[in-house]
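Q: I have a model open and would like to go through it piece by piece. Can we start with the strands and move on from there?

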Amino acid sequence: MTDSFKPFNNILVSNSSFPAAPASEGTLSSASAFLFPSFKYFPSIPVNVAESPETETDLSTFVRAFLLPQKLSAMADSLPEFRRAELTRNPELASEFSGAVDLQKSPVVLICGHGGRDMRCGIMAPILQEEFRRVLLTKGFTSVTSDSHVIDSPEHAHIGLISHIGGHKYAGNVIVYIPPGMLLEGSSMPHPLAGMGIWYGRIEPKHAQGVVEETILGGKVVGDHFRGGIDRNGSILRL
């Protein structure tokens with residue numbers, strides 16, 4: 001599974017601990033992916049084109065459809081036109097992934113757990129994951145530990161560990177994505193942070209309840225831990 005987070009107009013692709021969607025009968029290996037800030041979930045992406053010869057769609061097709069830059073820098077002007085085309089995004093390929101799910105209701109909590117890069121994240125992340133699960137369960141997210149592969153529901157929150165996102169000295173590093181259709185707790189009012197991703201640093205287990213109550217349920221940014229953010233258009237958020 002990959003996560004596309006775009007700080008300063010760059011693409012960050014990260015592995016995660018989320019379980020893959022069940023494979024269809026007769027298929028071999030496949031990947032699944034969350035894409036932010038587009039708030040889309042792709043349940044099945046064939047890893048090799050040989051596994052989907054009828055469509056010739058594979059992981060490289062996904063990269064060309066969603067992850068390559070839309071425009072190259074001036075340094076690429078000297079490249080042949082065909083090479084520039086290979087290095088830029090082809091939005092027409094997005095139609096190859098008709099099974100994509102638009103996330104509207106389920107918040108997503110991503111925690112840097114790359115212990116091989118820095119022990120601080122490797123130690124802190126699993127503890128934070130369990131604490132966020134515990135707190136969210138007390139707040140009514142009853143499907144948070146379910147393995148039923150719920151993708152988008154007001155009662156479900158996705159919590160996963162991801163690989164390197166930078167700034168391990170700020171462990172624990174936590175990114176909270178609030179889906180576009182989420183409402184404020186107990187009301188019909190749109191969530192103030194709907195469609196945004198909020199990045200926190202120096203999060204300890206004792207802070208998990210505050211992040212859930214203030215940010216996920218209350219729509220407020222915790223300024224003391226704020227490292228940055230992004231809106232659905234890819235613009236950088238600042239306090």
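**Strand pairing and contacts**

A: Strand E6 (residues 108-112) pairs with E7 in the parallel sense over 5 bridges. Strands, at least two residues long, and helices (H or I, at least four residues) are DSSP runs numbered from the N terminus, and two strands pair if DSSP finds at least two bridges between them. This is a predicted model, in which local features need pLDDT of at least 70 and side-chain atom pairs count only at pLDDT 80 or more, while totals for chains, interfaces and linings use all residues. Residues are numbered from 1 along each chain as its sequence is written, and side-chain values use heavy atoms, with hydrogens and water left out.

Q: Which residue in E7 is the bridge partner of Val-108?

A: His-158 is the bridge partner of Val-108.

Q: How many residues of E7 are buried?

A: In strand E7 (residues 158-162), 5 of its 5 residues are buried. Buried means under 20% relative accessible area, exposed means over 50%, and partly exposed is in between, with a 1.4 Å probe and protein chains only.

Q: And which way do they point?

A: His-158, Gly-160 and Ile-162 point one way from E7, and Ile-159 and Leu-161 point the other way. Residues on both sides are buried.

Q: What about the open sheet, what is its strand order?

A: The order is E3-E4-E5, an open sheet of 3 strands with antiparallel pairing. Strand E3 (30-35) and E5 stand at the edges with a single partner strand each, so one side of each has no neighbour in the sheet.

Q: How many bridges between E3 and E4?

A: E3 and strand E4 (residues 40-46) pair over 5 bridges in the antiparallel sense. Within that pairing, Ala-33 stands opposite Phe-42 in E4.

Q: Switching to Thr-88. Where is it found?

A: Thr-88 is in the loop between helix H2 (81-87) and strand E5 (101-102).

Q: Buried or exposed?

A: Thr-88 counts as buried because its relative accessibility is 19%.

Q: What does the side chain reach?

A: The Thr-88 side chain reaches the backbone oxygen of Arg-84 at 3.1 Å. A polar atom of that side chain also lies 3.4 Å from the backbone oxygen of Ala-85. A polar contact is a pair of N or O atoms within 3.5 Å; within protein, one must be able to donate a hydrogen and the other to accept it, and residues adjacent in sequence count only if both atoms are side-chain atoms.

Q: Which residues does Thr-88 touch, not counting residues up to four places away in sequence?

A: Leu-68, Pro-69, Gln-70 and Leu-72. Contact means heavy atoms within 4.5 Å.

Q: Now salt bridges. How many in the whole structure?

A: A search of the whole structure gives 6. The criterion is a side-chain nitrogen of Lys or Arg within 4 Å of a carboxyl oxygen of Asp or Glu.

Q: Which residue does Arg-83 form one with?

A: Arg-83 forms a salt bridge with Glu-86, with the closest N and O atoms 2.9 Å apart. Both lie in helix H2, 3 residues apart, about one turn of the helix. Arg-83 is partly exposed at 35% relative accessibility, and Glu-86 is partly exposed at 43%.

Q: What about Arg-133?

A: The side chains of Arg-133 and Glu-130 meet in a salt bridge at 2.8 Å, N to O. Because they are 3 residues apart in helix H3, about one helical turn separates them. Arg-133 is partly exposed, with a relative accessible area of 24%.

Q: And Glu-213?

A: Glu-213 forms a salt bridge with Lys-139, the closest N and O atoms being 2.9 Å apart. This pair links distant parts of the chain, 74 residues apart: Glu-213 is in helix H4 (residues 208-217) and Lys-139 is in the loop between H3 and E7.

Q: Last topic, the whole protein. How many helices and strands?

A: There are 4 helices and 11 strands. Of the 239 residues, 44% count as buried. Among contacts with a separation of 6 or more, 64% are between residues 24 or more positions apart.
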